[in-house]
Amino acid sequence: MQTVRKRRGNDLSGAPGGQKGDVRQRKQQQQQQQQFFHLDLWLGLTLQNWILDFGRPIVMIVLPLEWFPLNKPSAGDYFHMAYNVITPFLMLKLIERSRRALPRTAVYLCIVTFVMGASIHLVGDSINHRLILSGYQLHLSVRENPIIKDLKPAALIDSFELLYYYDEQLGHLMWYIPFFTILVIYFSGCFSSAEGDRTLPVSGWLLLGPSALYYWYLVTEGQITELFVLALLAMLSIVLLQRRRGLGADGNGLFLLGSFCITALLVALWSGFLWSDPVLRSKYPGFLYVPEPWAYYTLHVKDGH
């Protein structure tokens, strides 16, 4: 009887310890999972960026116009709608896998603003595409376009300038400022003291080129060079600060920082290639001269110049 009681006592006393051991083991497994390179999320972001964002204007050009009448949403509009849903979802999943707890309020505000800005851009860009099909030239300002300057009454031109403001300025700012802010916030948690974590796997190297090339398109077409430079400088500042603490960027941080560095090089090469173009120079004045790829397309490629 005493032996049985001792066994029961040992079982009862060991139960809480066993539960704690299970919880501890689960936490360790979660931490190990967080240390791995997030291939699924980076691959998902890269694919949907290329297909739903970069591919959006291409699919509108390739597909026959009669499939999508001008008074109905185009294929590109549906791509944009999918992008506005999938991108914030993937970015939230990315934040969830951060090594450290990140400010949720800031993240939620950024996501809400991102969705609103991308939705504003959806409407403006949809109408802008229909103007291009009617002869609108992207390398000219609104008032200089032949199909716009002859509108009657002349007050309609102001309406198109307002549309341009929502599409290319307000929409872009509300879209890209929270986008880069979330990436910088996430990057601030991508540091580790373990030497084994500070490596970029082969899958990361393979994704580095496509990711950087998309960011080049995002920066040039979105005309957000200043914002991109600020985000890159913020990342470099975080790296210097973390090095003083003996920490280094992990695989996810190296992937993000590497993508941005290559993007900066591509933007510089793009600007140098078109440095002496007089038409684009007049279209994009200012200290940072970064023409839009689609403006280059309508000027030099579309009409066979």
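Predicted model: local features only at pLDDT ≥ 70, side-chain atom pairs only at ≥ 80, totals over all residues.
When I say that two residues touch, I mean a contact with heavy atoms within 4.5 Å.

Tryptophan 50 lies in helix 2. Leaving aside residues up to four places away in sequence, tryptophan 50 touches Gly55, Pro210, Leu213 and Tyr214. As for solvent, tryptophan 50 has a relative accessible area of 25%, so it counts as partly exposed.

Staying in helix 2, which spans residues 39-62, we also find leucine 52. Is leucine 52 buried or exposed? It has a relative accessibility of 11%, so it counts as buried. Aspartate 77 is 25 residues from leucine 52 in sequence, and their C-alpha atoms are 9.5 Å apart.

Let me step back to the whole protein for a moment. There are 11 helices and two strands. Reading from the N terminus, the order is α-α-α-α-α-α-β-α-α-β-α-α-α. The protein has 305 residues, and 43% of them count as buried. If we take contacts with a separation of 6 or more, 77% come from residues 24 or more positions apart.

Now for the aromatics. How many aromatic pairs does the structure hold? There are 23. One of them joins tyrosine 215 and phenylalanine 260, with ring centres 5.2 Å apart and planes at 65°; the cut-off for edge-to-face is over 60 degrees, so this pair is edge-to-face. Tyrosine 215 belongs to helix 7 (residues 202-222) and phenylalanine 260 to helix 9 (residues 251-273), so the pair links distant parts of the chain, 45 residues apart. Both residues are buried. They also take part in a cluster linked by ring pairs, made up of Tyr83, Phe114, Trp175, Tyr176, Phe179, Phe180, Tyr214, Tyr215, Phe228 and Phe260.

A second pair to find is tryptophan 275 with tyrosine 289. Their ring centres are 5.9 Å apart and their planes meet at 80°, so this one is edge-to-face too. Tryptophan 275 sits in the loop between helix 9 and helix 10 (278-283), while tyrosine 289 sits in the loop between helix 10 and helix 11 (293-301), so the pair ties together parts 14 residues apart in sequence. Tryptophan 275 is partly exposed, at 47% relative accessible area, whereas tyrosine 289 is buried, at 3%. And here comes arginine 281: it lies over the face of tryptophan 275, at 4.1 Å from the ring centre. Arginine 281 also lies over the face of tyrosine 289, again at 4.1 Å from the ring centre.

Last stop, a helix pair. Helix 6 (residues 155-187) and helix 8 (residues 225-244) pack with their axes 10 Å apart, at an angle of about 10°. That angle makes helix 6 roughly parallel to helix 8. On the helix 6 side, the contact uses Tyr176, Ile177, Phe180, Leu183, Val184 and Phe187. Helix 8 brings Leu227, Phe228, Ala231, Ala234, Met235, Ile238 and Val239. What kinds of residue make up this contact? There are 13 nonpolar residues, no polar ones and no charged ones.

Notes:
Residues numbered from 1 in each chain as written. Heavy atoms only, no water. Phe/Tyr/Trp six-rings, centres within 6.5 Å; stacked < 30°, edge-to-face > 60°. Helix = DSSP H or I, 4+ residues; strand = E, 2+ residues; numbered from the N terminus. Buried < 20%, exposed > 50% of the residue type's maximum accessible area, 1.4 Å probe, protein only. Lys NZ or Arg CZ within 6 Å of the ring centre and 35° of its normal. Axes fitted to C-alpha atoms, helices over the stretch in contact; angles between N-to-C directions. Parallel < 35°, antiparallel > 145°, perpendicular 65-115°, else oblique. Nonpolar A, V, L, I, M, F, W, Y, C, P; charged D, E, K, R; others polar.
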